[in-house]
Amino acid sequence: SEIPDLKPTSGAAGGNSLLIAIATDAPLLPVQLQRLCKRAALGMARTGGISTHGSGDLVIAFSTAATETSGHVFEGEMLHFSQITHVHQAVVEATEEAILNAIVAAQTMTGRDGNRIFALPLDRFVEVMREHGRLK
């Protein structure tokens, strides 16, 4: 199939946005959730994303783990810092997979002011992925 001209149809500033939401039931402290947000950028980078100056990338992470408070005192169990590496790895891999799934599922669309975004030509995508050893 013919590959379309992928240049923006208007004077776009070159900034696209990516919103990543990380939800976990792991009992994590706020600083641990912040670290998960940083790991999501690694998953984005695996797909070729560079988070340009004009992009509005946003990452949010939260835990649904049950906690109890007694007045101003927090009571509950938290995942020890030495045990969080597997959660970091999961965030990187899940972010990468979610982005690839979105790319593959996308359809060509025309938005405001005639701005057009093209779907990925899937036959060419599979071919390129195989050429670079990313698919067997």
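Which residues is Gln32 in contact with, leaving aside its neighbours within four places in sequence? They are Pro27, Leu79, His80, Phe81 and Ile84. This is a predicted model.

**A buried glutamine**

Gln32 is found in helix H1. Is Gln32 buried or exposed? Its relative accessible area is 0%, and residues under 20% count as buried, so Gln32 is buried. The side chain of Gln32 also has a polar partner. One of its polar atoms lies 2.8 Å from the backbone oxygen of Leu79. Leu79 is also among the residues that Gln32 contacts.

**The nonpolar core**

Nonpolar side chains tend to be buried together in soluble globular proteins. Here the largest nonpolar core has twelve residues. They are Ile20, Ile22, Ala26, Leu28, Leu33, Leu36, Cys37, Ala40, Ala61, Ile84, Val87 and Val91. Which elements give two or more residues to this core? Strand S1 (19-24), helix H1 (30-46) and helix H2 (85-105) do. H1 gives the most, with four residues.

Take Cys37, one of the core residues. Setting aside residues up to four places away in sequence, Cys37 touches Ile22, Val59, Ile60 and Ala61. Ile22 and Ala61 are also listed in the core.

**A nonpolar patch outside**

Some nonpolar residues sit on the surface instead. Ile103, Val104, Leu120 and Leu122 form a patch there. Together they have about 270 Å² of accessible area. Leu122 lies in helix H3 (residues 122-131). Its relative accessible area is 38%, which falls between the 20% and 50% cut-offs, so Leu122 is partly exposed.

**Salt bridges**

Side chains of opposite charge can pair when their charged atoms come close. How many salt bridges does the count come to? The count is five. The table gives three of these pairs.

| Salt bridge | Closest N and O atoms |
|---|---|
| Arg46 and Glu96 | 3.0 Å |
| Arg134 and Glu96 | 3.3 Å |
| Asp113 and Arg112 | 3.2 Å |

Salt bridges that share partners join Arg46, Glu96 and Arg134 into one network.

Both pairs with Glu96 link distant parts of the chain. Arg46 in helix H1 and Glu96 in helix H2 are 50 residues apart. Arg134, in the segment after H3, is 38 residues from Glu96.

Glu96 has 11% relative accessibility, which is under the 20% cut-off, so it counts as buried. Arg46, at 46%, counts as partly exposed. Arg134, at 52%, is over the 50% cut-off and therefore counts as exposed.

The remaining pair in the table is Asp113 with Arg112. Both of these residues are exposed.

Most residues other than glycine have a negative phi. Which phi does Ser51 have? It is positive, about 55°, although Ser51 is not a glycine. Ser51 is found in the loop between H1 and strand S2 (58-63). At 41% relative accessibility, Ser51 counts as partly exposed.

Asp113 also has a positive phi, about 60°, and is not a glycine. Where does Asp113 lie? It lies in the loop between strand S5 (109-110) and strand S6 (116-117). Asp113 has 60% relative accessibility, over the 50% cut-off, so it counts as exposed. Asp113 therefore brings together a positive phi, an exposed position and a salt bridge with Arg112.

Notes. Residues are numbered from 1 along each chain as its sequence is written. This is a predicted model: local features need pLDDT of at least 70, side-chain atom pairs count only at pLDDT 80 or more; totals for chains, interfaces and linings use all residues. Side-chain values use heavy atoms; hydrogens and water are left out. Patches are made of residues with over 30% relative accessible area and no salt bridge: like charges are joined within 9 Å, nonpolar side chains (Val, Leu, Ile, Met, Phe, Trp, Tyr) within 5 Å. Accessible areas come from the Shrake-Rupley method with a 1.4 Å probe; for residues, only the protein chains shown count as cover. A salt bridge is a side-chain nitrogen of Lys or Arg within 4 Å of a carboxyl oxygen of Asp or Glu. Buried means under 20% relative accessible area, exposed over 50%, partly exposed in between (1.4 Å probe, protein chains only). A nonpolar core is a set of buried Ala, Val, Leu, Ile, Met, Phe, Trp, Tyr and Cys residues joined through side-chain atoms within 4.5 Å. Contact means heavy atoms within 4.5 Å. A polar contact is a pair of N or O atoms within 3.5 Å; within protein, one must be able to donate a hydrogen and the other to accept it, and residues adjacent in sequence count only if both atoms are side-chain atoms.
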